[in-house]
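I set out to record, entry by entry, what I looked up in this structure. The entries go from the whole chain to a single residue.

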Amino acid sequence: MDSIVMLVFRIGLLALLWFFVLMALRAMRKDVQLAAGVTSSTMTPAPQLRSAAVIPGRREAARQLTVIDGPLKGSHMEVAALEEAVLGRSPECDFQLGDDYSSGRHARLFRRGSDWFVEDLDSRNGTFVGGYRIDQPERVGVGTDIKVGRTTVRLIP
């Protein structure tokens, strides 16, 4: 009789442990969905940024790079005559951010023809364009938000 009680206890304990494992996996899945911006119960891949980063109908030339949110809010730099600028917290960067969450050399903003592109320079916290983390150079249009650490910058006409 004692062996049957112990067997039932072991099976119950095993079922309880599996229940906790499945609940932990469910919670992690919801966190991943929230981080990806997905609100439905099924995971969908993030949209491609190639066409989403360019604002249709706005083909003005960018003249300024402006900090719209972050420690140095309001700071700006003229980019009309530049071909590229490195963003980061290092004094050697072209556009110094003063943000503890940005890397020393965090991102590179460069021009190809009349289009501007942003590239993450293997930063720890990543670079986000329009709310999506980038892993390769992405085209940015005038008015597109570029998030570097806690700082958000934008190209202004």
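**Entry 1: the chain.** I worked from a predicted model. I found two helices and 11 strands in the chain. Reading along the sequence, I noted the order α-α-β-β-β-β-β-β-β-β-β-β-β. I then looked up burial: 31% of the 157 residues count as buried. The accessible surface of the chain is about 10400 Å², and carbon and sulfur atoms account for 58% of this area. For contacts between residues at least 6 apart in sequence, I recorded that 42% join residues at least 24 apart.

**Entry 2: the sheet.** I traced an open sheet of six strands in the order S2-S1-S11-S10-S7-S8, with antiparallel pairing. Its edge strands are S2 (76–78) and S8 (132–133), each of which pairs on one side only. Within the sheet I examined S10 (residues 145–148) and S11 (residues 151–156), which run antiparallel and are joined by four bridges. Asp145 lies opposite Arg154 in S11.

**Entry 3: Asp99.** I located Asp99 in the loop between strand S4 (95–96) and strand S5 (107–112). I did find a polar contact of 2.9 Å between the side chains of Asp99 and Thr151. Leaving aside residues up to four places away in sequence, Asp99 touches Pro71, Arg89, Val148, Gly149, Arg150 and Thr151.

Definitions and conventions:
Residues are numbered from 1 along each chain as its sequence is written. This is a predicted model: local features need pLDDT of at least 70, side-chain atom pairs count only at pLDDT 80 or more; totals for chains, interfaces and linings use all residues. Side-chain values use heavy atoms; hydrogens and water are left out. Buried means under 20% relative accessible area, exposed over 50%, partly exposed in between (1.4 Å probe, protein chains only). Contact means heavy atoms within 4.5 Å. Accessible areas come from the Shrake-Rupley method with a 1.4 Å probe; for residues, only the protein chains shown count as cover. A polar contact is a pair of N or O atoms within 3.5 Å; within protein, one must be able to donate a hydrogen and the other to accept it, and residues adjacent in sequence count only if both atoms are side-chain atoms. Two strands pair if DSSP finds at least two bridges between them.
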